[in-house]
Amino acid sequence: MSQSSSSLSKLALQKFKKDFWGVFSLFLIVFVGFISVFAYVIAPDNSQHANQMHLSIHSKKPGFKVAMLVMPNDNLGKQSVFDKLFFGRKNTENEIPISSHTHKESLLTYTEYTADDLEGITKTIDLNHFTDKQKPYVEEKIFLFGTDKYGRDLLSRILVGARISFFIGFIAVFISLVVGILMGSLAGYFGGKVDALIMWFINVSWSIPTLLLVIATTLALGKGFWQVFIAVGLTMWVEVARVVRGQVMSVKEMQYVTAARALGFNDFRIITRHILPNIMAPVIVISAANFAAAILIESGLSFLGIGAQPPMSSWGAMIKDHYNYIILGKPYLALIPGFCIMILVMAFMLMGNALRDALDVRS
């Protein structure tokens, strides 16, 4: 039995490797996952939530360059390496966009950057107020994706926002699989009153619009990061349960299940060892579709103001903040996060289809 299962797994793996788009999508998903975990290491702006604002350079085009005066922050506190790595720097240096500067002895004179060819304010600071290791300095900063309407680095916001959009899919799908497979397996295997009770609960949940159910769950649990994950996951299990129930009802009458009952195996072993492994292909496909739906639901929640809360970065919230810029000549502010969502959703769909073909014993 184990040798047969091992050979089938190897055959499925070989079939999956031959699917170019499936393998490419898998590497893309792993790449996005790496970015989402180490976003603060990669992002140019490693402040918490990439929330370093410069209102004077808001809504600038990709590739925008500006001289930045970096001044030490007296409120900088000690922060562990782990905290900086996964949650960003809580307090960063003060950054001031400038158009020109002169340095004479211990005095630094600079002119603040202003848009629309207006004359900025000229200020002078005394460098003696700072220690040698903390002297302010001027550096050129490049915004590869431009800046958003608050003057934040759009590239950094995209990288940090990948964390929410990526993990909400995984956690929501995980919750939906746990609940859906459990409920669907019980309903399909035992039938009778158990099936009737579970199907009644499924039909009631199915009749409520998904977005309204998510809103109600979010309001009950409160607004927050983890509340959104749980709310989306608890509203996506119905589709999984219906698919699993139908598959279990068709498979439980097969000869190998009858043989397992004759050998005296208990119901738990029959379901987990004999039935579920043979119905995973459609479950994988619907899980990939649920991942796409989870991202879109999170975008809708962010648009309504009950998703990821500011200043937390998420692709859905970025589209909501900048969708009106599409008609103001700066569509990239909304199109870039939208393009990221499209690529990630398509990658999961293509990988799901490739896994379905690889696990299909009939082919």
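**Exercise 1: the whole chain**

Of the contacts in the protein with a separation of 6 or more, 71% are between residues 24 or more positions apart, where contact means heavy atoms within 4.5 Å. This is a predicted model, in which local features need pLDDT of at least 70, side-chain atom pairs count only at pLDDT 80 or more, and totals for chains, interfaces and linings use all residues. Residues are numbered from 1 along each chain as its sequence is written, and side-chain values use heavy atoms, with hydrogens and water left out.

Task: describe the protein's overall dimensions and make-up.

Step 1. Box it in: along the principal axes, the C-alpha atoms fill roughly 95 × 45 × 40 Å.

**Exercise 2: two residues**

Step 1. Take the cut-offs: buried is under 20% relative accessible area, exposed is over 50%, and partly exposed is in between (1.4 Å probe, protein chains only).

Step 2. S25 sits in helix α2 (residues 20-37). Its relative accessibility is 2%, so S25 counts as buried. Beyond its neighbours within four places in sequence, S25 touches A347, L350 and M351.

Step 3. E119 belongs to the loop between β3 (107-112) and β4 (122-126). With a relative accessible area of 76%, E119 is exposed.

**Exercise 3: a helix pair**

Task: how do the axes of α12 and α13 cross?

Step 1. Helix α12 (residues 280-304) and helix α13 (residues 315-322) have axes that come within 8 Å and cross at roughly 45° (lines fitted to C-alpha atoms over the stretch in contact, with angles from 0 to 180 degrees between N-to-C directions).

Step 2. That makes α12 oblique to α13 (under 35 degrees is roughly parallel, over 145 roughly antiparallel, 65 to 115 roughly perpendicular, the rest oblique).

Step 3. Find the residues: E298, S299, S302 and F303 in α12 meet G316, A317 and K320 in α13. By class, this contact has two nonpolar, three polar and two charged residues (Ala, Val, Leu, Ile, Met, Phe, Trp, Tyr, Cys and Pro are nonpolar, Asp, Glu, Lys and Arg charged, the others, Gly among them, polar).

How values were computed: Helix = DSSP H or I, 4+ residues; strand = E, 2+ residues; numbered from the N terminus.
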